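Open the model in your viewer and keep the selection tool ready. Each stop below gives you something to select and then tells you what is there.

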Amino acid sequence: MTTSFTRLTAAELHTCADELAELLTDAVAGGASVGFLAPFGRAAAAAWWRSLAPSVAQGLCDLWVARTDGRLLGSIGLAYADKPNSRHRAEVFKLIVHREARGQGLGRALLTHTERAAADAGVTLLLLDTETDSPAELLYRSAGWTEVGVVPDHAADPAGVLRPTTFLYKRVV
């Protein structure tokens, strides 16, 4: 199997929005707390991905996809801070791995790839949030991320149940 990582342009984001929608709806259907409630359809998911295109075009965020043997199986985004006093930091968002590809190191590879890209862009501090006690939290902690704190009832999971959220950071160079 061959896996490649591609940083999408705004045009490419539009082109692969339907594939990204399949990835996102799979995550929601699998119970991942990625910002959406079930049921969540592909049309809404594709529209959400396409809504990122202006930010990608303006350089406010970057989005990478992972393809294994041509199939889109993962994504990760990096949102850059827009204030002069915070240009050294960025937020990681939508690290998603298709359920069929989980447990094979793709999430860690996407995270490592993005950490390196952030450092190459001059970012020295990364932030993210994730559902407390989720597999994603375990991944981040094992990759050297540090907990800032936990906010109870911060976000609803796909079933609409309020869950705590853990906020983490990592210094990159």
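Select D26 and R99. They form a salt bridge, with the closest N and O atoms 2.8 Å apart. The term means a side-chain nitrogen of Lys or Arg within 4 Å of a carboxyl oxygen of Asp or Glu. D26 sits in helix α2 (residues 17–29) and R99 in the loop between β4 (89–97) and α5, so the pair ties together parts that are 73 residues apart in sequence. Helices (H or I, at least four residues) and strands (E, at least two) are DSSP runs, numbered from the N terminus. D26 is buried at 8% relative accessibility, while R99 is partly exposed at 41%. Buried means under 20% relative accessible area, exposed over 50%, and partly exposed in between (1.4 Å probe, protein chains only).

A note before moving on: this is a predicted model, where local features need pLDDT of at least 70 and side-chain atom pairs count only at pLDDT 80 or more, while totals for chains, interfaces and linings use all residues. Residues are numbered from 1 along each chain as its sequence is written, and side-chain values use heavy atoms, with hydrogens and water left out.

By the salt-bridge rule, the count comes to eleven. Side chains of opposite charge can pair when their charged atoms come close.

Next, select E115 and K170. Their side chains meet in a salt bridge (3.1 Å, N to O). E115 lies in helix α5 and K170 in strand β7 (residues 162–171), so this pair ties together parts that are 55 residues apart in sequence. Are these two residues buried or exposed? Both E115 and K170 are buried. Helix α5 covers residues 106–120. Now show what surrounds E115. Leaving aside neighbours within four places in sequence, E115 is in contact (heavy atoms within 4.5 Å) with L126, W145, K170 and V172.

Move to R141 and E147. Their side chains form a salt bridge at 2.2 Å, N to O. R141 is partly exposed at 35% relative accessibility. E147 is partly exposed too, with a relative accessible area of 35%.

**Strand β5**

Select T130, in strand β5 (residues 125–131). T130 is buried, at 10% relative accessibility. Which residues does T130 touch, not counting those up to four places away in sequence? They are A136, E137, Y140, P164, T165, T166 and L168. T130 and S33 are 97 residues apart in sequence and 7.6 Å apart in space, C-alpha to C-alpha.

**Helix α3**

Select residues 42–50, helix α3. The buried residues here are A45, A46 and W49.

**The rings**

Aromatic pairs number four. Rings of Phe, Tyr and Trp (its six-membered ring) pair if their centres lie within 6.5 Å; planes under 30 degrees apart count as stacked, over 60 as edge-to-face and the rest as tilted. Select F36 and F40. Their ring centres are 4.4 Å apart and their planes at 20 degrees, so the pair is stacked. F36 is buried, with a relative accessible area of 14%. F36 and W48 form an edge-to-face pair, 5.5 Å centre to centre with 80 degrees between the planes. Finish by selecting F36, F40, W48 and W49, which ring pairs link into a cluster.
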